[in-house]
Structures are given as C-alpha cells and as structure tokens.
Amino acid sequence: MEILQAVNLKKYYQSGDSAVKAVDDISFSIEKGSFTAIVGTSGSGKTTLLNLMGGLDYADGGEVIIDGHSIMKMSEEELTVFRRRNIGFVFQNYNLISIQNVYKNIVLPIRLDGRKPDSKYIEHICKELGIEDKMDRYPNQLSGGQQQRVSIARAIAAKPAVLLADEPTGNLDSRTSAEVMGLLKMTSREFHQTIIMITHNEAIAQLADRVIHLEDGRVVGDDKGMYAGQNAFGKEASL
C-alpha cells in the first residue's frame with residue numbers, strides 16, 4: 001500500500017540570471033512500513049525534496065500525497081495541523097527544547113495538538129529505544145546518541161503516517177551512528193513505521209530497504225539496499 005507519492009515535483013530557485021533546478025520533475029511512491037534512504041551529495045536536491053515532502057516548503061509544480069491527502073492544496077493552517085498529526089521529523093541537530101525534560105519533549109507535539117498522550121505506547125517506545133530511565137533528565141544531561149533517541153521517540157509518539165529523517169547521524173561518531181541506524185531499522189519493523197531518510201553517506205544509505213539516488217535535482221537511481229540489516233561496517237546492526 002502506498003503511503004506517500006511525489007508526483008512531478010519541481011522546485012526552482014533564481015541565482016543571478018539563471019534558475020537552479022533544486023528538484024526537477026521528480027516522481028516516486030513510498031510503500032507503507034518501508035525504510036527508504038534518499039542519498040546524494042551536497043547540492044543534489046535531497047534536503048529540498050525532504051522539505052517538500054514534509055510540508056516545510058511549497059513546490060513550484062507537482063504534488064505530494066500523504067495517506068491520500070494532497071498537502072500542496074492545503075492552506076498554511078491546514079498544513080500545520082496535518083503535519084503535526086501525520087509527519088514525524090528527526091533532525092541532525094535533534095531540535096529538543098532545552099528547558100523541558102525528556103518526557104515533555106517527547107509528548108510536546110501531541111499536547112500542542114490538544115490531544116492526550118498514549119502513556120502505554122510512549123512507555124513501550126522509550127523502553128525499546130533504551131531511554132525509559134531518562135524521562136526526568138534534560139537534553140544537556142544526555143549524550144548526542146541519547147538525544148537522537150529522544151528525537152526518534154518524539155517523532156513516532158504521535159503515530160505519524162510518515163517519519164522524515166534529515167541526516168540523523170550527521171553529528172554522531174561512527175559507533176553511535178550505527179546504533180541510531182539500528183534503532184531506525186527497529187522502529188520501522190517494530191512499529192510498522194514508514195521512514196524516509198536523507199543522507200550523503202552511501203554506507204549509511206545501504207541499511208535501508210530501498211535507496212533512491214539524487215543528482216542535480218533528479219532521480220538517477222532507485223534500488224534495494226545491498227546490505228539491509230547490517231551496519232555501516234558490515235556487521236548486524238545492534239540495538
């Protein structure tokens with residue numbers, strides 16, 4: 001079942017007298033529960049594409065359909081509500097609120113939506129991510145890897161249709177990167193979560209079920225991950 005479709009997406013920027021085609025007529029679909037990596041060098045258009053899929057920017061053409069809803073046709077207010085309820089984000093810089101403890105960071109998007117957190121589900125998430133004993137701590141009391149675990153928990157606590165991960169291992173060392181990738185794989189499997197991750201790291205990308213290669217704003221390759229289930233060093237990803 002398709003959970004996300006990108007249809008003839010275009011995003012152009014003006015640079016002097018010429019147009020930069022950051023996303024140039026891209027189309028693909030994502031299956032529910034799959035783990036997809038979008039890989040490309042700096043300037044390939046991957047971050048722009050992620051922003052379009054996440055409703056953080058508007059396309060110059062085409063559309064993004066998530067769970068049957070075209071987000072390009074929504075007003076800013078409608079999109080804000082839809083994004084909060086249907087799209088989870090994991091950022092390279094974690095984006096945690098420094099003055100709130102771990103638990104409050106995790107449930108923040110749910111409470112902003114005026115809903116009551118599912119305590120049992122959140123407890124299960126945190127146990128699986130190995131942060132169940134960190135609920136009262138603050139972000140500055142955690143390591144980078146622990147902060148990213150909190151970020152993952154926050155992203156899936158609202159049970160989104162899609163989780164978008166923006167270079168989630170970019171600020172982590174190789175060992176912690178492998179652990180976080182193992183956790184993302186577990187999240188996809190354990191919680192049937194659809195994950196789309198962008199990265200410049202080919203080895204990291206190969207952990208996904210599917211790898212989409214971008215170059216100059218276009219899809220130039222689309223294949224299965226060669227080493228799905230292994231970490232970047234060729235070993236089984238640990239949790």
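**Salt bridges and overall architecture**

Glu179 and Arg175 form a salt bridge, with the closest N and O atoms 3.8 Å apart. Both residues lie in helix H6 (residues 174–190). They are 4 residues apart, so about one helical turn separates them. Arg175 is exposed, with a relative accessible area of 64%. Glu179 is partly exposed, at 23%. These values come from a predicted model.

The count of salt bridges comes to 12. One of them joins Asp57 to Lys11, with 3.5 Å between the closest N and O atoms. This pair links distant parts of the chain, 46 residues apart. Asp57 sits in the loop between helix H1 (46–53) and strand S4 (61–66). Lys11 belongs to strand S1 (residues 2–15). Lys11 has 10% relative accessibility and therefore counts as buried, the cut-off being under 20%. Asp57 has 23% relative accessibility and counts as partly exposed.

A salt bridge is also formed by Lys159 and Asp118, whose closest N and O atoms are 3.2 Å apart.

Across the protein, 27 side chains are positive and 31 are negative. The centres of the two sets lie 6 Å apart.

The fold as a whole comprises 7 helices and 10 strands. The radius of gyration is 17 Å, close to the 18 Å given by the globule rule for 239 residues, so the protein is as compact as a globular protein of that length. Its C-alpha atoms fill a box of roughly 55 × 45 × 40 Å along the principal axes. Of the 239 residues, 52% are buried. The accessible surface comes to about 11,400 Å². Carbon and sulfur atoms account for 46% of that surface. Among contacts between residues at least 6 apart in sequence, 67% join residues at least 24 apart.

Note on methods. Residues numbered from 1 in each chain as written. Predicted model: local features only at pLDDT ≥ 70, side-chain atom pairs only at ≥ 80, totals over all residues. Heavy atoms only, no water. Helix = DSSP H or I, 4+ residues; strand = E, 2+ residues; numbered from the N terminus. Rg over C-alpha atoms; globule rule 2.2 N^0.38 Å. Buried < 20%, exposed > 50% of the residue type's maximum accessible area, 1.4 Å probe, protein only. Contact = heavy atoms within 4.5 Å. Areas by Shrake-Rupley, 256 points an atom, 1.4 Å probe, with all protein chains shown as cover. Lys, Arg positive; Asp, Glu negative; His and termini not counted. Charge placed at Lys NZ, Arg CZ, Asp CG, Glu CD. Salt bridge = Lys/Arg side-chain N within 4 Å of Asp/Glu carboxyl O.
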